[in-house]
Amino acid sequence: MEPDDKKVEKEMNKIEEYYNKFNEEKRLNSRHGQIEYRITMKYIHDYLDVRMQELKVTNREDIRILDIGAGTGRYSVALCEEGYDVTAVELVKHNLGILKQKNSNVHAMLSLIHISEPTRQEAIS
C-alpha cells in the first residue's frame with residue numbers, strides 16, 4: 001500500500017468511527033426523525049413530480065435516483081418501494097449492512113473516497 005493509500009484509509013477509518021457513534025436507524029424513528037423524514041419526503045416528491053412532468057415520464061421505474069450518503073436506507077428503500085430505480089451509496093459499512101438487511105430492490109454499494117492533492121499544474125489552471 002502506498003503512503004497516499006494509507007492516508008486515505010486512515011481518514012476513512014476516522015469517518016467511519018465518527019458515524020458509528022450514532023444509531024441512525026433509531027434517530028430516524030424518533031419523534032424528530034419522523035418529522036424530518038416526512039418533510040424531506042414531501043420535498044423529494046415535489047421535485048420528482050416536477051421532473052417527471054418536464055421529462056414527460058409517466059412510469060416511476062424510468063426515474064433513476066442516486067442516494068449519496070444513504071445511511072441505513074430510510075429514504076432509498078421508501079423510494080424504491082414506490083417504484084423508483086434507486087442506487088444507494090454509503091461509506092459506513094455498518095449502515096450499509098442495515099440497508100442490505102432490509103431486502104429491498106435498492107442497489108446498495110460501499111463508497112470509497114480517494115481525495116488527492118492537486119498537482120501544481122492543476123492548481124494553476
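1. Contact, as used in this note, means heavy atoms within 4.5 Å, and helices (H or I, at least four residues) and strands (E, at least two) are DSSP runs numbered from the N terminus. The model is a predicted one, in which local features need pLDDT of at least 70 and side-chain atom pairs count only at pLDDT 80 or more, while totals for chains, interfaces and linings use all residues. Residues are numbered from 1 along each chain as its sequence is written, and side-chain values use heavy atoms, with hydrogens and water left out.

2. On the overall layout, the protein chain holds 6 helices and 3 strands, which follow one another from the N terminus in the order α-α-α-β-α-β-α-β-α. Of its 125 residues, 29% are buried, where buried stands for under 20% relative accessible area, exposed for over 50%, and partly exposed for what lies in between (1.4 Å probe, protein chains only). Among contacts with a separation of 6 or more, 45% are between residues 24 or more positions apart. The accessible surface is about 9,400 Å², and carbon and sulfur atoms account for 52% of that surface; areas come from the Shrake-Rupley method with a 1.4 Å probe, and for residues only the protein chains shown count as cover.

3. On strand pairing (two strands pair if DSSP finds at least two bridges between them), β1 and β2, the latter spanning residues 85-90, run parallel and are joined by 5 bridges, with V86 in β2 as the bridge partner of I65. The path from β1 to β2 leads through α4, and this β-α-β crossover is right-handed, a term that applies if, with the strands pointing away from the viewer, the path from the first strand over the helix to the second runs clockwise. β2 also pairs with β3 (residues 107-110), again in the parallel sense, over 4 bridges; V89 stands opposite M109 and E90 opposite L110. The chain passes from β2 to β3 through α5 (residues 93-101), and this β-α-β crossover, too, is right-handed.

4. On the interior, a nonpolar core is a set of buried Ala, Val, Leu, Ile, Met, Phe, Trp, Tyr and Cys residues joined through side-chain atoms within 4.5 Å, and the largest one here has 18 residues, with I63, I65, L79, Y84, V86 and V106 making the most contacts inside it. The elements that give two or more residues to this core are α3 (31-55), α4 and β2, and α4 gives the most, with 5 residues. Apart from neighbours within four places in sequence, V106 touches S76, V77, C80, V86, A88 and L99.

5. After α4 comes G83, which has a positive phi near 110 degrees.

6. Neighbours within four places in sequence aside, T72 is in contact with E24, E25, L28, N95, I98, L99 and K102.

7. N95, one of the residues that T72 contacts, belongs to helix α5. With a relative accessible area of 6%, N95 is buried as well. Not counting residues up to four places away in sequence, N95 touches E24, G71, T72 and E90.

8. K56, in the loop between α3 and β1, has a positive phi of about 55 degrees, and its relative accessible area of 73% makes it exposed. N103, in the loop between α5 and β3, has a positive phi near 50 degrees, and at 69% relative accessibility N103 likewise counts as exposed.
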